[in-house]
Amino acid sequence: MVDNYAIILIMILTVLGFGALLLSIGVLVRPYKPTPRKLQSYESGVPNIEPLKGRYTPRFYVIAILFVIFDIEAIFLFPWAVAFDQLGLFGLVEMVLFIVILLIGYAYAWRRGALEWV
Amino acid sequence: MDNPVAVALTLEDFKILIPHAIVLAVALLTLGYGAIAAPSPGRNAALTVISVFGYLGAIVAALLLTGQPRTAFSGMGALDDMAVFLIVVIAASALLTVFISAQTIPAWDMPLGEYYSLLAFSTLGGMLVASAVDLVMIFVGIELSSLSVFVLAAFAKRRRESIEGALKYFLLSSFATAILIYGMAWTYGVTGATNLNDISLRLATYQDRTAPTLLLAALLLIVGLGFKAAAVPFHMWTPDAYQGAPTPVTAFMSVAPKVTAFAAILRVLVQGLGPLREQWVPLVIVLSVLTMALGNLVAIAQRDVKRMLAYSSIAHTGYMLVGLAAFRQIGGGDESIPSVLFYNFAYAFMNIGAFGVLAWLQLHGKGTTIDDFNGLAVTAWPQAAAMAFFLFSLTGVPPLLGFYAKYFIILAAIEAGYTWLAVVVVLLSAVSAYYYLRVVAAMYFGDPAGAPTPARTRFFGVGLGAMVLSVALFGILSGPVLDLARQWYLAL
Amino acid sequence: MDWATIIFYLLAAVAVLTAAGVVFARNPVHSAFALVISFLNVAGIYVLLGAEFLAAVQVIVYTGAILVLFLFVIMLVRPEDLRELNTAPRVQTALAWLLGLALFAELGLVIATGVLTGARGPYPPEEVAAAGGNTQLIGRILYSEFLLPFEVASLVLLVAVVAAVILGLPDRFLTGERARGLSLSLGHPTGADRVLEAERRGVPAVDAPDLGEPGTIDTGRAPVGAGRGR
């Protein structure tokens, strides 16, 4: 079973090696003539009007937390899907109940405006 | 490979979840209705009615299910009589909290729907722990219970102290949870079971009960659960979290999570690790003495009544631990666990009552320091009388509820041969009289410092009255209630 | 030593070293990335133990979701502020070290002296293989034997959603002073009108009063995202 992971290891090494290769080719080939304007961080072509480091509204954090919560919900779906043929209708009812409970949370967050942007 | 999983569940099995289902319905209804309807006095009244009848229904449903213990859901849950007793205590503390919250929370501009919903979720978590016979179930129950309380503690989020207290509670509690789950992992590693009855059976067959792995498992479990019950030295979060939270929340979180923690302690230590009694009892004795001593002695120094009650609630954890330390074996002749159950019952009424009067004062434009109580007997005699009543009961003055609670604990300690521990309880109760009665003295002999500003609090008054009545009535009826606890414990 | 043992020590060593890096790195962003490496190595250890589902959870939830959350926090709270907060009294730091080392010694002692092969659980490796693998068996057990805790877990997640909304959103969202109904307005910032108004009056957008709603604690500084009204 563990041997199957040798393939994944080879893939990881290939990806790392390929990335390193591309980056080093870039360093060798590209010209390097920095000017202050070139070194600015990219702001969709508009000149920077405020320092890069600032505060963001905590509303973003709510989105991040909601992401984590529904990510964990998704995790519960994996073993259920794999064992579905053995669990049958009973398993379906269980999972529907689970998802309905979380949908209540989703509807609540929506209703309270947690999904509105800024 | 088609190998269908058979889940043995009959309709009867769902019976054990009826009280839980009612409280879940309260949680979902208050959440949904609170979010859908625009805020108005009518909506708030409807939310309160849902909560009150929900908790009453859960209590009645649980009481109707006494005497017919049933284990279901692959041994995850059981509604034995001990579960019923604890469920009634937890649901009753939620009910009393509703009475002191209904007018305070809207007056302080906090969303009532979410408030009731979180209250119900926390109650549900505690009830699930009370009827859990499996480490996994206990864990998710404790998490549901405390996660809701973290949010309630931060409910006054515009106040810095509320956020600070809640954050301390949350961070330390997460740490304790990690320790608890690590202890559960070790227990499973050693015994190969998560079901508490299985654990107990396997432990009983072990020759060497002082194996380091076993001791570590027990130690980690005690530390994790001791934190949730606010036992010294795991109490650091308590004063700040209690003081920062809105007062009705403090009333709830000083009772329900503590009862939940004791439900878990009784299940895990007594039902699961019962065969390791000789190993964990010395540790519980040390914890109980530390907890009683620190709680009572630090409470003396407090000028703020809310903080004083926070320390006093630590002291009460200590008394309950004394009862636990007197545990010898499950079954007849052992008075320890019934005394702990009775103490939890008594503590719920008198402590929520004391915090309730505090919330009443705040609702009427007063603060929470001892000076705010000056001359309350003149300006608002019913509240002053109620407060005096609760404080006398907390001190343990006969014939009130608190006296019998302490009496049974002391009796259990003496029967188990820990006379010195009983003496410590008595001595420290005498110390506690000093800080409790100081408030009574301020109310009756202090100069009135301005009358409380008027506010609409009829419903609130009904709740306080009910608590006064309970403290008096159950004090007189303490014999029968203890018999119930004993009989239910014997049926375990 | 077979390959599995060598790989285990490799993974364990990297996991421990990067975990130390999380604690000792001065820059919180470096800490977060060290944590990514640590989590990935722990996932590798799970694979070695045959707990493949746990390994997948470790990667998806921890290296994926939790780390995103950590980076959000680092973005919300500027690293400079964190350094100001890190002023624990010397006694406390010393005590923390002492107790931490004591715990380490205690656990080390138990692991070194204790008999670690306790009773076997109900599912030895042979049975796992017979059931069609780790994930399949977890599916079978979680949704039959452990169905009650599983459903309670959904309630815990529901409370987490409610908690995030209550603590993360400004008060006016909770007391119902805003437009109601199940509607979504993507790309139409509610604070944009105020920002535009402020700009017309020549006040720089960043200094426009009452921008966005940083929620609860007054930071004394306008939030960037809200200020630009994107």
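How many residues does the contact take from chain C and from chain B? The contact takes 32 residues from chain C and 39 from chain B, where two residues are in contact if their C-beta atoms, placed from the backbone, lie within 7 Å. This is a predicted model, in which local features need pLDDT of at least 70, side-chain atom pairs count only at pLDDT 80 or more, and totals for chains, interfaces and linings use all residues. Residues are numbered from 1 along each chain as its sequence is written, while chains are lettered from A and ligands numbered from 1 in the order in which they are written.

**The side of chain C that touches chain B**
- Helices α5 (90-113) and α8 (147-168) of chain C each supply at least two residues of this side; helices are DSSP runs of H or I, at least four residues, numbered from the N terminus.
- α8(C) gives the largest share, 13 residues.
- By class, this side has 20 nonpolar, 9 polar and 3 charged residues (Ala, Val, Leu, Ile, Met, Phe, Trp, Tyr, Cys and Pro count as nonpolar, Asp, Glu, Lys and Arg as charged, and the others, Gly among them, as polar).

**Helices α18 and α19 of chain B**
- α18 (residues 401-415) and α19 (residues 419-445) of chain B pack at about 155°, with axes 7 Å apart (axes are lines fitted to C-alpha atoms over the stretch in contact, and angles run from 0 to 180 degrees between N-to-C directions).
- That angle makes α18(B) roughly antiparallel to α19(B), a term for angles over 145 degrees.
- Residues in their contact include B:I410 of α18(B) and B:V425 of α19(B).
- This contact has 8 nonpolar, 2 polar and 1 charged residues.

Note on methods: Parallel < 35°, antiparallel > 145°, perpendicular 65-115°, else oblique.
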